Amino acid sequence: MSLEEEFYTAIQHPSFPCVGAKSALARGPLKVLHARDLPSAWNDVCIHRELLAWSHDYRNNPEGFRSLAVVFEGPVNLDEEQFETAMWDRNRRPLLPGLAQAR
């Protein structure tokens, strides 16, 4: 089973707490981007490209509902607090730091 399929299966499970994800999956416009490692910047260019495309699509057609989920391969052994810490640490880092230095 692919990482994307595992994600869809997890969302469909009755114990999955995120109603927004359940709604996005049920309505159809849920794009899933497969990424390698949450703490790593390995996929930053691809994530950035997808976020730009997502916002461009919305700008061209603001009607309806659309979602983008980035699903990371790992680490897989994080509890909720560790996951939130890793996610916030990642979000605080500049996206594509090489571009920020080039300006």
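## Cysteines, a loop residue and a pocket

Cys-46 is partly exposed because its relative accessibility is 25%, where buried means under 20% relative accessible area, exposed over 50% and partly exposed in between (1.4 Å probe, protein chains only). The model is predicted, so local features need pLDDT of at least 70 and side-chain atom pairs pLDDT 80 or more, while totals for chains, interfaces and linings use all residues. Residues are numbered from 1 along each chain as its sequence is written, and side-chain values use heavy atoms, without hydrogens and water.

| Residue | Relative accessibility | Class |
|---|---|---|
| Cys-18 | 36% | partly exposed |
| Cys-46 | 25% | partly exposed |
| Asn-43 | 14% | buried |

A search of the whole structure finds 0 disulfides, a disulfide being a pair of cysteine sulfur atoms within 2.5 Å.

Asn-43 sits in the loop between β1 (30-37) and α3 (44-60); helices (H or I, at least four residues) and strands (E, at least two) are DSSP runs, numbered from the N terminus. Apart from neighbours within four places in sequence, Asn-43 has contacts (heavy atoms within 4.5 Å) with His-34, Ala-35, Arg-36 and Asp-37.

The lining of the largest pocket draws at least two residues from each of α1 (3-12), α3, β2 (67-74) and α4 (80-92). A pocket is an open set of points on a 1 Å grid over the protein atoms alone, where a 1.4 Å probe fits, with protein on both sides within 12 Å along at least five of seven lines; lining residues have an atom within 4 Å of a point. β2 gives the most to this lining, 7 residues. Of the 33 lining residues, Val-70, Val-71, Phe-72, Phe-83 and Met-87 lie nearest the centre of the pocket.
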